[in-house]
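Trainee: I've got the sequence and the model open side by side. Can we go through some of the contacts together?

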Amino acid sequence: MLRRRTAILVVAALFAVAMLLALATHSTGVVRNDPDRNIWIPDELTMPLTLQVAYNDAEVFFHYRWPAKQPHVVSEVLRYTDGKWQRRTRTPIGSDPDGIAEDRLAMMLDDGGVPEFQRYGGFITVGAEMRDFTGSPAEAAHRRKYLPATRKDPADWYSIVDQATLDDQRRAGYFLDLWSWRAHLSNPLGHGDDQLIGWYRLYDSGDPAFFSNWDNDAGQPRWMFDPARAGTGQSYFLTADAAVPFDPAHQWREGDVIPGQVLSQPSGSRADIRVLGEGRWADGYWDVTLVRALDTGHPLEDKILRDQGVYSIALSVHRDARASRWHYVSLPLQVGLGRQADVMATRIAGAAPDWGSIDTREVILFYPGQVSWQRTPSGVHAGSKYIAKGVPVKYRHKETQLAEYAVELEFDREIRRHWLLSLVGGVLLVASFVFSISLLIGRRED
């Protein structure tokens, strides 16, 4: 009798534990924002963008159109709070609650000098423990994009090859051209920002389109709006020709803000990319057209384009007041100037395209999460054998799959723990069921 009672208690305990585990795991989910771990998942994992490309004898034109619920046109502000000026330097995790993160579009461009780019796009530029990755140390703030061959060990950000090798790589075309449009820091000037990716994300030579307005020693802005021209704080951008030296004796009020960057016309190679007309937001969409000379005269900083050439591109968009790695990216696409490709540019005779007569290509962009190039060809990636064979990513994955995989990777630890608890709960339920049947059989025999 005592033995039977003990068995019943064991069965009851097993069943109770199994039910508790089921309650703890059933429909609770593991995907949730965790700013302490630099995790913030967007509500939409993919977004559409339409692309049109045209060219004439001298220039190439890229027209981009993408949805944005509202425009965000401020990248940084200096705020007067509690009697002193303050500057926020921390990148927001996910969407900034104050909307202080400008909308941005970027395009990587290659002419074949970086062979892996045509197959894997921007993934090849993402190293291990990049800034804002989960677990990245505080000193990782400077760790930005780079190309694998610029490192002795591609997984070690600091193992940069010697300068002579870097120079040879640049002359051989081992770099990516990087076009950038920024709603705050370039659009008001009618320019894009011209950069490149080699051993680091580098700016082209020439004067920049913006410079910092923060005087770190004095703890205050360097420049302010000219009250006689614009009124203090009356615009979201401050240009060099409209600025006057900062006056600390001005009657500043709580909450006053001054742009954290001052805009100035760029020069040299930095000024190669222009905005045709202006980037405009209307009815929930941005429309931006970037134009650049086919041959900029800067072959060590720009990819020179030619009629009948085929080039690889990859796009990215920041929207909804997000910065850093919280963006959407595309798989690589091929653009043909007079040749068949994913996107075939239309040759025009005039100085500017009529976009109504140009073919449109819809591109799906996706949230890339924290997928690094070092992880992709490693054994932890089930598709690493295809990477080793050089199979392009678009042949194995759709954009929605890549976005879902990125989220799963960010919650890998939680998913495994959830799975283990579910497994243990299932085993305990089976065990309690088996014990229960054994007790019933034993009772009938008695």
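**Charges, rings and strands**

Trainee: Which residue does the side chain of Arg-182 meet in a salt bridge?
Mentor: A salt bridge here is a side-chain nitrogen of Lys or Arg within 4 Å of a carboxyl oxygen of Asp or Glu. For Arg-182 the N to O distance is 2.6 Å. The partner is Glu-102.

Trainee: Before we go on, what kind of model is this?
Mentor: Residues are numbered from 1 along each chain as its sequence is written, and side-chain values use heavy atoms, with hydrogens and water left out. Local features need pLDDT of at least 70, side-chain atom pairs count only at pLDDT 80 or more, totals for chains, interfaces and linings use all residues, and the model itself is predicted.

Trainee: Back to that pair: how many residues apart are Arg-182 and Glu-102?
Mentor: Arg-182 is in strand 6 (residues 176-182), whereas Glu-102 sits in the loop between strand 4 and strand 5 (104-110). Helices (H or I, at least four residues) and strands (E, at least two) are DSSP runs, numbered from the N terminus. The pair links distant parts of the chain, and the separation is 80 residues.

Trainee: What is the relative accessibility of Glu-102?
Mentor: Buried means under 20% relative accessible area, exposed over 50%, and partly exposed in between (1.4 Å probe, protein chains only). Arg-182 has 11%, so it is buried. Glu-102 counts as buried too because its value is 2%.

Trainee: And the salt bridge of Arg-274 and Glu-59: how many residues apart in sequence are the parts it ties together?
Mentor: The two side chains meet at 2.9 Å, N to O. Arg-274 counts as partly exposed at 32%, while Glu-59 counts as buried at 19%. Arg-274 belongs to strand 17 (residues 274-275) and Glu-59 to strand 2 (residues 59-67), so the sequence separation tied together is 215 residues.

Trainee: Which residue forms a salt bridge with Glu-410?
Mentor: Glu-410 is in helix 5 (residues 399-410), and its partner lies 85 residues away in the loop between strand 20 (310-318) and strand 21 (328-329). The closest N and O atoms are 3.1 Å apart, and the partner is Arg-325.

Trainee: How many salt bridges does a search of the whole structure find?
Mentor: Some join up: Glu-44, Arg-319, Asp-320 and Arg-322 are linked in a network. The whole-structure count is 19.

Trainee: Now the rings. What is the angle between the planes for Trp-157 and Tyr-200?
Mentor: Rings of Phe, Tyr and Trp (its six-membered ring) pair if their centres lie within 6.5 Å; planes under 30 degrees apart count as stacked, over 60 as edge-to-face and the rest as tilted. Trp-157 and Tyr-158 are edge-to-face, at 5.4 Å centre to centre and 70 degrees. Trp-157 and Tyr-200 are edge-to-face as well, with centres 5.9 Å apart and planes at 90 degrees.

Trainee: Which ring does the charged end of Arg-151 sit over?
Mentor: A charge sits over a ring if NZ of Lys or CZ of Arg is within 6 Å of the ring centre and within 35 degrees of the ring normal. Lys-303 does this over the face of Phe-175, at 4.2 Å from the ring centre. Arg-151 is 4.9 Å from the centre of its ring, that of Trp-157.

Trainee: Let's finish with a sheet: which residue in strand 15 is the bridge partner of Arg-79?
Mentor: Two strands pair if DSSP finds at least two bridges between them. Three strands form an open antiparallel sheet in the order 4-3-15, with strand 4 (84-87) and strand 15 (257-259) as the edges. Strand 3 (residues 77-81) and strand 15 pair over three bridges. The partner of Arg-79 is Val-257.
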